[in-house]
Amino acid sequence: MRYAKKPMALLNLVYRDQLFPRRAYARAFELLLARQSEKQACCTMVGLLAIAHDRACEAALAHAIDADLDAGSLPDLASLREPLQTR
């Protein structure tokens, strides 16, 4: 993913919303921005998009993100990578 080197580019990207493959990703970014620094939120979001793309697990990751958000917690890259490695 080309934004992995400059995750802050995601913040002001004109077509950012079109990068999110499902509503769960947009919802996660909104909450990440509300609860974390912009830099941390962008890094986490770029990481989530990279996992979805590199492992072709967009739908499974969206379900995991929604589950985290519904439980009141933010997506955690380390914990989301583990179960998705076997899918």
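I number residues from 1 along each chain as its sequence is written. In this predicted model local features need pLDDT of at least 70, side-chain atom pairs count only at pLDDT 80 or more, totals for chains, interfaces and linings use all residues, and side-chain values use heavy atoms, without hydrogens and water.

Helices here are DSSP runs (H or I, at least four residues).

**Rings.** I found 1 aromatic pair (ring centres within 6.5 Å; planes under 30 degrees apart stacked, over 60 edge-to-face, the rest tilted). Phe-20 and Phe-29 have centres 5.8 Å apart and planes at 55 degrees, so the pair is tilted. I checked burial (under 20% relative accessible area; exposed over 50%, partly exposed in between; 1.4 Å probe, protein chains only). Phe-20 is buried at 9%, and Phe-29 is buried at 3%.

**Salt bridges.** I searched the whole structure and got 5 (Lys or Arg side-chain nitrogen within 4 Å of an Asp or Glu carboxyl oxygen). Arg-22 meets Glu-58 at 3.1 Å, N to O. Arg-22 lies in the loop between α1 and α2 and Glu-58 in α4, so the pair ties together parts 36 residues apart in sequence. Asp-70 meets Arg-27 at 2.7 Å, N to O. Asp-70 is in α4 and Arg-27 in α2, so this pair links parts 43 residues apart in sequence. Shared partners join Arg-27, Asp-66 and Asp-70 into one network.

Note on methods:
Phe/Tyr/Trp six-rings, centres within 6.5 Å; stacked < 30°, edge-to-face > 60°. Helix = DSSP H or I, 4+ residues; strand = E, 2+ residues; numbered from the N terminus.
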